[in-house]
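Here's a quick briefing to read with the model open beside you.

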Amino acid sequence: IAYGISMTNFGTSMSSTTFQSNTFDIDSGSSYAAGIDLDNSGSLMSSNTFQSNTFDIDSTGSYAYGIYLFNAGASNTNTFYNETINTTSTASASDFRAYGIYLYNLDSSIISSIIVNATAESALASDIYLTNGASNNVFSNSTLLGKNWSVYVPIGGGTGNIFTNVSYSEEEFIDSGADLTRKWYYQSHVNDTNKNNVSNAN
């Protein structure tokens with residue numbers, strides 16, 4: 001097993017920690033690999049910040065995660081900004097082996113300006129994976145480059161998740177009991193019949 005950072009909490013909360021400007025370059029061989037792995041069994045995961053980190057995570061025979069967050073309690077206001085995440089697993093399997101960002105029961109996070117590429121040539125991969133009630137998370141201004149699933153939300157994976165101005169290279173999968181809303185910015189230019197700008201319309 002290979003980690004860049006691994007933290008486990010059995011106390012009251014896992015909160016107000018900043019992970020910033022790190023480079024995680026991990027080749028775990030046949031073992032599990034994760035850039036950042038946080039496991040919270042306490043009552044709260046809140047106000048953690050992940051900013052300007054770079055991840056290159058490779059596993060030849062197991063799971064590869066960029067950021068893995070497991071939360072058993074309440075959560076809010078965890079922030080991800082300007083992250084570059086590349087994960088690759090060459091394991092042969094019928095299920096998932098590579099994840100960019102994996103959120104388990106993590107709610108109300110703010111994720112913006114990220115670039116994610118999760119790849120598994122002989123298994124499944126997802127740039128963003130939301131599971132076990134990960135809800136009301138807001139993604140914006142980001143690019144998902146993986147070649148399998150851009151976003152995957154299994155049964156009961158979460159509701160109220162919003163993706164605004166997020167580009168996909170592949171498809172999304174949203175199972176029953178889950179939902180996801182995609183939005184795009186739109187800019188228009190309004191003229192009158194004489195081609196003059198309309199006041200307060202542009």
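Buried here means under 20% relative accessible area, exposed means over 50%, and partly exposed is in between (1.4 Å probe, protein chains only). This is a predicted model, so local features need pLDDT of at least 70, side-chain atom pairs count only at pLDDT 80 or more, and totals for chains, interfaces and linings use all residues. Residues are numbered from 1 along each chain as its sequence is written, and side-chain values use heavy atoms, with hydrogens and water left out.

**A serine in a loop**

- S62 sits in the loop between β8 (54-59) and β9; strands are DSSP runs of E, at least two residues, numbered from the N terminus.
- With a relative accessibility of 13%, S62 counts as buried.
- Setting aside neighbours within four places in sequence, S62 is in contact (heavy atoms within 4.5 Å) with S30, S31, Y32, S89, A91 and R97.

**Aromatic pairs**

- Searching the whole structure turns up 23 aromatic pairs. Rings of Phe, Tyr and Trp (its six-membered ring) pair if their centres lie within 6.5 Å; planes under 30 degrees apart count as stacked, over 60 as edge-to-face and the rest as tilted.
- Y68 and Y102 make a stacked pair, because their ring centres are 4.9 Å apart and their planes are at 15°.
- That pair links distant parts of the chain, with Y68 in strand β9 (residues 64-71) and Y102 in strand β13 (residues 96-104), 34 residues apart. Both Y68 and Y102 are buried.
- Y99 and Y129 pair up edge-to-face, at 5.2 Å centre to centre with 90° between the planes.
- Y99 is in strand β13 and Y129 in strand β16, so this pair ties together parts that are 30 residues apart in sequence.
- Y99 counts as buried at 6% relative accessibility, and Y129 counts as buried at 11%.
- One aromatic cluster is formed by Y3, Y32, Y63, Y65, Y68, F96, Y99, Y102, Y129, W149, Y152 and F173.

**Positive phi angles**

- Most residues other than glycine have a negative phi.
- T77 isn't a glycine, yet has a positive phi of about 55°. You'll find T77 in the loop between β10 (74-76) and β11 (79-81), and T77 is partly exposed, with a relative accessible area of 38%.
- N136, also a residue other than glycine, has a positive phi near 60°. N136 belongs to the loop between β16 (124-131) and β17 (138-144) and is partly exposed, with a relative accessible area of 44%.

Technical notes
Helices (H or I, at least four residues) and strands (E, at least two) are DSSP runs, numbered from the N terminus.
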